[in-house]
Structure formats: C-alpha cells, structure tokens
Amino acid sequence: MRLRALGLVLALAAFLLAPADDAAAEQIRFELPVDCQIGEYCTIQNFFDHDQGPGRLDYTCGRLSYDGHKGTDFRVPNLPARARGVPVVAAAPGTVLRVRDGMEDVSVKEIGRDALGGRDAGNGVVIDHGNGWQTQYSHLRKGSMAVAPGQQVEAGEQLGLIGLSGFTEFPHVHFSVRYRGEDIDPFVGLGGFKGCEAPRQPLWSDRALEQLAYQATGILAAGFAEGRPTADDARAGRTLATLDPRAPALIFWVDVFGVMDGDLQHFAIEAPDGQVLYKRDSEIETSKVIWFTYSGRKRKAAHWPPGVYRGRYRLTRDGQIVDQVERQISVP
C-alpha cells in the first residue's frame, strides 16, 4: 500500500508540474537577432525548410529556403555592408553557453568546405534561455565577439557582428532556435508546420513581428559595369561611380532574391537626353533563391556623350510589379 501511495503521489506531482513547464515553453518570445531595419538594410534570405523530401518549402509554402535548412538567415546586401558592421544581438535574456571566434571571413567558394574542418557554423554564440530553450547565432565576423561563456545577457545586447565565416557564400547571421534539442521554426512555433493554411503560433514578439512581414522577392543591389560583371564583383561592392567616355560598354546589373519561373524582367538604359539607348525583356525560366542578372550595350561611337545615364530594372509576376530599381551614372 505504501508503494502504491508513493506512486500516486509521484504521478500527481508530475501532472502538476507539466502544465507549468508547458506554460514556460509557450511564454518565450524572441526579439530580432540583428540591430538593423528588415527590408531596408537587412533581408531574410532563407527561412526554415519544412519540406520532408529533397525540395524546399518555407513557412508560407514559398521557396525561400534550401533543402535541410534549420534556421533563419538575416543577411546584408554585400561585403561593404558587412565591413561597416551590423550588430548581432541576443533575441532573449539568457546565459552564454559557448562562443567560437578566430575563423576567417571568407566565402566557402574560395576556400572549399574541407578547409572548415567541420566548423560549418563559423564564429558564433550559443545562449541558454532556460526551460529547454536555446538560440544559436552563426557566421559572425572574426574578432567581433562581445560576450564570453557564463555571461548573462539581456534581449538586444550585442553578441558580435554579421560576418562571412564558416559554410556561407554571403554575409549573414544564421539564427537557430532549439527546444529540448529539437530545431524550431520561430515563424511557426511549437505546434510544428501542418500545412500552408494551418494556424501558426510564432515565437516572435509583437514588436519583432512588425518588421517581419514576409517578402518573397526583392532587389538586394544594383549598379553599373563597363564589361561583363560577375556576381562576386557585385557582392564585393565593385561598381562604377563614373563611366569613362571611352569605356567599351555600359552594363546595368541587378542582384535579386526569390525569383520564380515565369517572372518577367525588363531592362532599360536611358541616355542623358532622355532617349532609350537600350532595352530588353526576358522571362526567367527557373526559380532561384539568388538571381544575378545584367544587360547593356557596347559603345558604338568614338565616346559616350557626357551627362547622366539611368539604368532601370523591373520584375513582374502575373502582371504585377514585384520590385523595381533605378540607378544613375555620370560620364564626365
């Protein structure tokens, strides 16, 4: 009888404790893990992948992700933006568990994945928030760590700067959320992804959600070149400030995220007198998370006439403008 009574007491204790634990799990709310304006300077490049197969599916049933991605990537447009320094901050109060520093800021395309030695996350920070919750901040800039293991941090406290360390090709912070060791999409919550129209319980605070409206497609950067540009040049911030009158060509380039098959793109370059020097329309055949494209014309006269030239790019989907950009360049 004593053993039976003890068993009932333990079962009752477990029953009483479980709701408190579940309530603690539901109460956590995350602020933005970056100190920058989303949609203006910082952009979400990739979301958590919910596709169970080899495909990709973000929480809206869009395709801003890649196979097996278990976090949210907050990026800056190019390397000059990284160099200026964008703070990565704690998304909630907690205790710093681990910090790694010392890895170089260099694209994995240059050094190869084997050179990482299994340290794909690059420089980063892991924080314990209690009640089974942890967050991780990966790919931070070398030498930017502002915290140490065991340190208590508050939401919004700086941890480091967005970098290019580890398994990455563009400057960003990969923000991961885990509950009791399981990866959680903060846009979905503990209930898990149950379909495109199913209700979600996001873990973001109301203040964070105000900045986190889903943007499926957008223009990251645009500029000019006098010859065939490369995506690496553009993302390194190498663009012309002025055009030499004897430059062999005038090329307008654009770096876009989230293009879809069937999207229509329109390029135009306008001369200083307002005449259209060049235009081209084309259809995008394959959906891409990142799309680098360019168009332009060769110099036909002895020199480019002086003045201001304007490059325009417009992307449309189902007859609606998704995004557009205009840049200008001067010929002295």
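Student: What is the handedness of the link of Cys36 and Cys42?
Tutor: This is a predicted model, and in it Cys36 and Cys42 form a disulfide whose sulfur atoms lie 1.8 Å apart. Both of these cysteines are buried. With -120° about the S-S bond, the link of Cys36 and Cys42 is left-handed.

Student: How many residues apart in sequence are the parts that Cys61 and Cys196 tie together?
Tutor: Cys61 and Cys196 form a disulfide, with 1.7 Å between their sulfur atoms. Cys61 sits in the loop between strand 1 (43–46) and strand 2 (72–75), whereas Cys196 sits in the loop between strand 10 (182–184) and helix 4 (206–209), so the parts that the pair ties together are apart in sequence by 135 residues.

Student: How do the residues of the lining of the largest cavity divide into nonpolar, polar and charged?
Tutor: The structure holds one cavity of 30 Å³ or more, and the largest cavity has a volume of about 30 Å³. Its lining consists of Val188, Gly192, Phe193, Lys194, Gly195, Ala198, Pro199 and Arg200. With Gly counted as polar, the residues of this lining divide into four nonpolar, two polar and two charged.

Technical notes. Residues are numbered from 1 along each chain as its sequence is written. This is a predicted model: local features need pLDDT of at least 70, side-chain atom pairs count only at pLDDT 80 or more; totals for chains, interfaces and linings use all residues. Side-chain values use heavy atoms; hydrogens and water are left out. On a 1 Å grid over the protein atoms alone, a cavity is a set of points where a 1.4 Å probe fits but cannot get out, and a pocket is an open set with protein on both sides within 12 Å along at least five of seven lines; lining residues have an atom within 4 Å of a point. Grid points are joined across faces, edges and corners, and a volume is the space filled by probe spheres set on the points. A disulfide is a pair of cysteine sulfur atoms within 2.5 Å. Buried means under 20% relative accessible area, exposed over 50%, partly exposed in between (1.4 Å probe, protein chains only). Helices (H or I, at least four residues) and strands (E, at least two) are DSSP runs, numbered from the N terminus.
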